There are 2 protein chains.
Amino acid sequence: MRKLDQLSLAIVGLTLVAPSAGAQTDPLPSWKDGSSKQAILKFVADVTKEGAPGFVPVAERIAVFDNDGTLWSEQPLYFQLAFALERVKALAPQHPEWKTQEPFKTLLTGDVKGALGQGEKAILGIVAATHSGMTTDEFAKTVSEWAATAKHPRSGRLYTEMIYRPMLELLGYLRAQGFKTFIVSGGGIEFMRPWTEKVYGIPPEQVVGSSGETKFEMRPTGPVLIKEAKVSLIDDGPGKPVGINRHIGRRPVLVFGNSAGAPEMLQWTAAAAGRRFIGIVHHTDAEREWAYDRTSHIGKLDKAWDEAVAKGWTVVDMKSEWSRIYPFDK
Amino acid sequence: MRKLDQLSLAIVGLTLVAPSAGAQTDPLPSWKDGSSKQAILKFVADVTKEGAPGFVPVAERIAVFDNDGTLWSEQPLYFQLAFALERVKALAPQHPEWKTQEPFKTLLTGDVKGALGQGEKAILGIVAATHSGMTTDEFAKTVSEWAATAKHPRSGRLYTEMIYRPMLELLGYLRAQGFKTFIVSGGGIEFMRPWTEKVYGIPPEQVVGSSGETKFEMRPTGPVLIKEAKVSLIDDGPGKPVGINRHIGRRPVLVFGNSAGAPEMLQWTAAAAGRRFIGIVHHTDAEREWAYDRTSHIGKLDKAWDEAVAKGWTVVDMKSEWSRIYPFDK
């Protein structure tokens with residue numbers, strides 16, 4: 001289905017479409033006609049038109065997207081944290097010491113809020129305990145199983161279904177126009193890679209995220225890479241341009257984020273020569289998704305919003321600009 | 001020109017070619033008919049034939065290549081080291097302390113051998129002094145200028161012309177068959193990225209190499225990334241599978257290397273499930289290139305060679321299997 005969509009989009013890109021073709025050829029059907037949709041369509045038209053002043057060659061059409069809150073939801077807590085909490089439960093029998101050790105002790109009584117309320121160090125401890133000490137292959141298998149089965153507490157849907165349909169359309173549209181789409185997320189790179197290709201059409205080599213060090217080890221059964229507890233990159237805030245430079249090696253021409261973790265990435269992109277598109281997803285829909293911004297403990301949108309307004313970046317109002325949120329929405 | 005070549009190769013891949021078409025449609029004209037060429041053609045045919053037992057979907061067709069000694073020459077010393085030595089000379093006026101400080105003192109007298117002979121620490125000092133302390137943009141500009149002008153002492157050609165024509169053909173052939181081609185080199189990632197797209201058709205985001213840490217900094221003129229002297233990854237030996245995992249996130253199906261720096265990458269690739277192609281370039285041509293293997297101080301080929309023979313990997317004999325070495329060869 002997607003292949004057909006892309007093919008037809010590619011054809012749209014190559015031929016002049018009669019205005020009457022209208023709705024049938026709309027590459028962004030879940031985006032209501034509004035300022036964001038118009039800004040996207042105009043930008044893409046400008047940079048893909050050979051000979052035009054804003055033209056960007058195909059090789060340089062790099063588009064990057066934050067993940068949590070930009071491509072999928074991030075409430076009531078980051079989905080990767082939900083994964084980590086599930087892993088603590090699953091691993092508890094092998095860790096009798098957790099019965100007396102915080103934050104595991106509190107967590108294992110079922111008091112998630114109390115455990116996470118112990119602060120950043122406690123959360124990092126949970127992540128380290130569940131994301132290191134195994135081979136990369138073992139971890140990928142665990143994540144794949146979680147992605148295929150774990151369900152969101154509110155919707156009862158798979159977490160991997162809690163993705164934004166308008167953004168899927170945008171990813172497909174950009175690819176059909178010669179863009180290479182990347183994820184640049186504060187989330188774990190090895191947590192995302194096992195499912196991003198299936199879910200977003202973004203292959204592992206185009207996923208940038210926070211990462212730990214790995215170590216090569218020759219075992220009797222063959223070579224493996226061991227996931228260590230040592231941090232390699234925190235791909236958040238000022239770490240996002242660092243991650244982009246490390247993995248992509250050139251500045252994106254289009255970037256979408258949603259929160260406090262993104263301003264440096266947005267600035268870094270905006271500062272480059274040539275035309276750039278800077279987009280921000282604003283969570284305004286308490287009914288179909290969640291509404292939060294300046295004071296949220298997750299996905300806080302504050303300074304980046306002010307900067308967006310000041311600089312004329314595109315701020316997407318989910319409630320008024322997206323006709324559907326999730327793929328399972330009617 | 002390359003685009004036309006690729007197009008015709010793509011067409012060859014899609015249609016049945018009459019045997020009489022022969023030389024005209026040979027995707028590897030600089031490879032003499034021999035065991036290596038046959039092994040490559042058979043492998044690619046096997047993994048690209050839909051429905052065949054060895055079939056590999058396009059998304060998984062990852063091909064990785066070492067750079068020094070695999071895609072371009074590495075004698076009489078690694079080209080990146082030649083770049084670093086040139087930079088020392090250029091930067092010397094800003095570093096009066098180098099007049100009394102080794103290895104710079106010896107180097108600035110013109111005694112390259114004496115300076116490099118001071119050992120690994122001296123060499124790392126030269127690299128650190130020439131590869132850090134500037135912005136990534138500034139460094140890329142310096143490298144681009146070097147790549148466009150610096151000439152090899154023996155051939156008098158640009159270093160960026162000292163690339164292997166048979167490997168260029170192989171890269172183009174693999175891409176035409178749906179492979180994504182990557183460099184995985186012990187060389188510096190930021191030293192390679194400014195020119196690999198033009199020279200090999202490999203874009204920056206598909207270049208993996210040794211790297212230093214970078215730091216985001218907001219300057220009055222805009223955001224920059226500063227190259228620090230701190231190592232992030234030594235992409236050599238056991239660091240090569242680490243680099244592949246960090247940047248690509250899945251095991252290659254085809255890998256080409258040439259030296260002691262590659263065995264872990266070759267083993268890591270060979271150990272994966274499914275069909276894999278492991279190739280080694282053996283430098284046997286003292287006349288047209290260089291001849292060296294077990295006892296060389298650069299590009300030593302020893303254990304990996306034994307392993308290749310034992311496991312039936314493909315060892316390319318440059319002298320007898322390549323009809324041309326460089327693009328400028330007749």
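At what angle do helix α7 and helix α9 of chain A pack, and how far apart are their axes? The model is predicted, with local features needing pLDDT of at least 70 and side-chain atom pairs counting only at pLDDT 80 or more, while totals for chains, interfaces and linings use all residues. Residues are numbered from 1 along each chain as its sequence is written, chains are lettered from A and ligands numbered from 1 in the order written, and side-chain values use heavy atoms, without hydrogens and water.

Helix α7 (residues 136–149) and helix α9 (residues 189–200) of chain A pack at about 60°, with axes 9 Å apart. That makes α7(A) oblique to α9(A). Oblique covers what is left once angles under 35 degrees (roughly parallel), over 145 (roughly antiparallel) and 65 to 115 (roughly perpendicular) are set aside. Axes are lines fitted to C-alpha atoms, for helices over the stretch in contact, and angles run from 0 to 180 degrees between N-to-C directions. Helices (H or I, at least four residues) and strands (E, at least two) are DSSP runs, numbered from the N terminus.

Contact means heavy atoms within 4.5 Å. From α7(A), the residues involved include A:Phe139, A:Val143 and A:Trp146. From α9(A) come A:Glu190, A:Phe191, A:Pro194 and A:Trp195.

Now turn to chain B. Seven strands form an open sheet there, in the order β4-β3-β2-β1-β5-β6-β7, with mixed pairing. Strands pair if DSSP finds at least two bridges between them. β4 (222–233) and β7 (314–317) of chain B stand at the edges, each with a single partner strand, so one side of each has no neighbour in the sheet. The twist averages 30° from one strand to the next. Strand β6 (residues 277–282) of chain B runs parallel to β7(B), and four bridges join them. B:His282 has B:Asp317 in β7(B) as its bridge partner. Helix α8 (residues 165–176) of chain B lies across β1, β2, β5 and β6 of chain B, at about 165° to β1(B).

A:Ile62 lies in strand β1 (residues 62–65) of chain A. At 0% relative accessibility, A:Ile62 counts as buried. Buried means under 20% relative accessible area, exposed over 50%, partly exposed in between (1.4 Å probe, protein chains only). Beyond four places in sequence, A:Ile62 touches residues including A:Phe182, A:Leu254 and B:Glu205. A:Glu169 sits in helix α8 (residues 165–176) of chain A. A:Glu169 also counts as buried, at 11%. Among its contacts beyond four places in sequence are A:Trp31 and A:Arg324.
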